[in-house]
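Me: I'm new to this one. Can you walk me through it, piece by piece?

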Amino acid sequence: MTQIAEQITAVRQRIAAACAAAGRTAAEVELLAVTKTFGADAVRDAAAAGQVHFGENYLQEALDKQAELRDLDLIWHFLGPLQSNKTRAVAEHFHWAHSVDRLKVAQRLSEQRPPSLPPLQVCVQVNISGENSKSGCLPAEAPGLCRAVAALPRLRLRGLMAIPAPVPAGGDARAPYRALRSLQHSMDDLHPALDSLSAGMSDDLEAAIAEGATIVRIGTAIFGRRG
Ligand SMILES: *Cc1c(COP(=O)(O)O)cnc(C)c1O
C-alpha cells in the first residue's frame with residue numbers, strides 16, 4: 001500500500017468512529033480528498049485506493065491536473081474563491097462548486113453550464129465565524145441567496161459549506177458547525193430538499209460529523225503538509 005492509501009484508510013476509520021459516536025452510519029459521510037498543491041501522481045495514488053471525489057482550490061492547477069487524469073473517472077469539486085472570470089471553466093470542468101457566495105456568480109454558473117452536462121451541484125458558502133477576511137455570504141444572507149440559487153435552472157443546490165475560523169484550544173470546535181446546521185435547518189422547506197453539509201477538514205472532521213456534516217474535505221491528513 002502507498003502512504004496515501006494508508007492515510008485514506010486512517011481517515012476513513014476516523015470518519016467511521018465519528019459517525020458511530022454520533023449515531024450515524026459512515027455511508028452518510030462522503031470523503032472529499034483535497035489535492036491542491038499536490039500533483040496528478042498523488043491523485044492517481046488516491047484513485048487507486050478507491051477515492052473518487054477530489055477537491056481543488058486553484059483553477060488553472062486543477063485544469064492541468066484534470067487534463068493529465070482524463071483516463072480516470074473522477075468527480076471534481078471546486079472549493080476556491082469564485083469570481084466572475086472563473087465561472088465558465090468551473091461550469092465546464094467540475095461536477096460540484098462549494099464556494100458560491102453571491103447571486104451573480106451563481107447566475108453565471110447556471111448560464112454557462114453546458115447543456116450536455118447534468119446540472120452543476122452547488123453549495124452556498126457561509127462565513128459562519130463572521131471574519132471579514134474570509135469568503136462566504138453572511139449567515140443572515142444565506143436563506144435569501146439559497147432561495148435564489150435553488151431557482152436557477154442549471155444548478156442543483158445541495159446545501160451549505162463553511163470554513164470556520166480556528167477554534168482556540170479548549171474552545172468548542174462544534175459551535176460553528178452547530179450554527180451552520182441550524183442555518184441549514186431554517187431552510188427545510190426548500191424543494192428539492194438540501195441534503196448536503198460540506199463541513200470539516202483534517203483537524204476537526206469529528207466536530208463537523210457530530211453536527212451533521214455529509215461531506216468532509218480532507219487534505220493534510222491524506223497527502224501531508226502543503227509546501
Ligand atoms: C485546503 C482546504 C481543505 C483541506 O484542509 P486540510 O486542513 O488540509 O484538511 C478543505 N477545504 C477547503 C475549502 C480548503 O481550501
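Me: Let's start with Glu-68. Is Glu-68 buried or exposed?
Reply: Glu-68 counts as exposed, because its relative accessibility is 54%. Buried means under 20% relative accessible area, exposed over 50%, and partly exposed in between (1.4 Å probe, protein chains only).

Me: What should I know about the model and the numbering?
Reply: This is a predicted model, where local features need pLDDT of at least 70 and side-chain atom pairs count only at pLDDT 80 or more, while totals for chains, interfaces and linings use all residues. Residues are numbered from 1 along each chain as its sequence is written, and side-chain values use heavy atoms, with hydrogens and water left out.

Me: Where does Glu-68 lie?
Reply: In helix 3. Helices (H or I, at least four residues) and strands (E, at least two) are DSSP runs, numbered from the N terminus.

Me: Switching to salt bridges. How many does the structure hold?
Reply: It holds 14 salt bridges. A salt bridge is a side-chain nitrogen of Lys or Arg within 4 Å of a carboxyl oxygen of Asp or Glu.

Me: Which residue does Glu-206 bridge to?
Reply: Arg-14, with the closest N and O atoms 2.8 Å apart. That pair links distant parts of the chain: Glu-206 is in helix 8 (residues 205–210) and Arg-14 in helix 1 (residues 3–21), 192 residues apart. Glu-206 counts as partly exposed at 32% relative accessibility. Arg-14 is partly exposed too, with a relative accessible area of 27%.

Me: And what about Glu-211 and Arg-174?
Reply: They form a salt bridge, and the closest N and O atoms are 2.8 Å apart. Glu-211 lies in the loop between helix 8 and strand 8 (215–218), and Arg-174 in the loop between strand 6 (155–161) and helix 7, so the pair ties together parts 37 residues apart in sequence. Glu-211 is buried, with a relative accessible area of 3%. Arg-174 is partly exposed at 36%.

Me: How does Arg-181 meet Glu-211?
Reply: Their side chains meet in a salt bridge of 3.1 Å, N to O. Arg-181 is in helix 7 and Glu-211 in the loop between helix 8 and strand 8, so this pair ties together parts 30 residues apart in sequence. Salt bridges that share partners join Asp-172, Arg-174, Arg-178, Arg-181 and Glu-211 into one network.

Me: How many aromatic pairs are there?
Reply: Three. One of them is Phe-54 with Trp-76, a tilted pair: 5.9 Å centre to centre, 40° between the planes. Phe-54 is in strand 2 (residues 53–56) and Trp-76 in strand 3 (residues 75–78), 22 residues apart. Rings of Phe, Tyr and Trp (its six-membered ring) pair if their centres lie within 6.5 Å; planes under 30 degrees apart count as stacked, over 60 as edge-to-face and the rest as tilted.

Me: Are Phe-54 and Trp-76 buried or exposed?
Reply: Phe-54 counts as buried, at 0% relative accessibility. Trp-76 counts as buried at 7%.

Me: Now the backbone. Which residues does the cis peptide bond join?
Reply: His-191 and Pro-192, with omega about -10°. Pro-192 lies in the loop between helix 7 (175–185) and strand 7 (196–198).

Me: What is phi of Thr-37?
Reply: Near 75°, a positive value in a residue other than glycine. Most residues other than glycine have a negative phi, and most peptide bonds are trans. Thr-37 lies in the loop between strand 1 (30–34) and helix 2.
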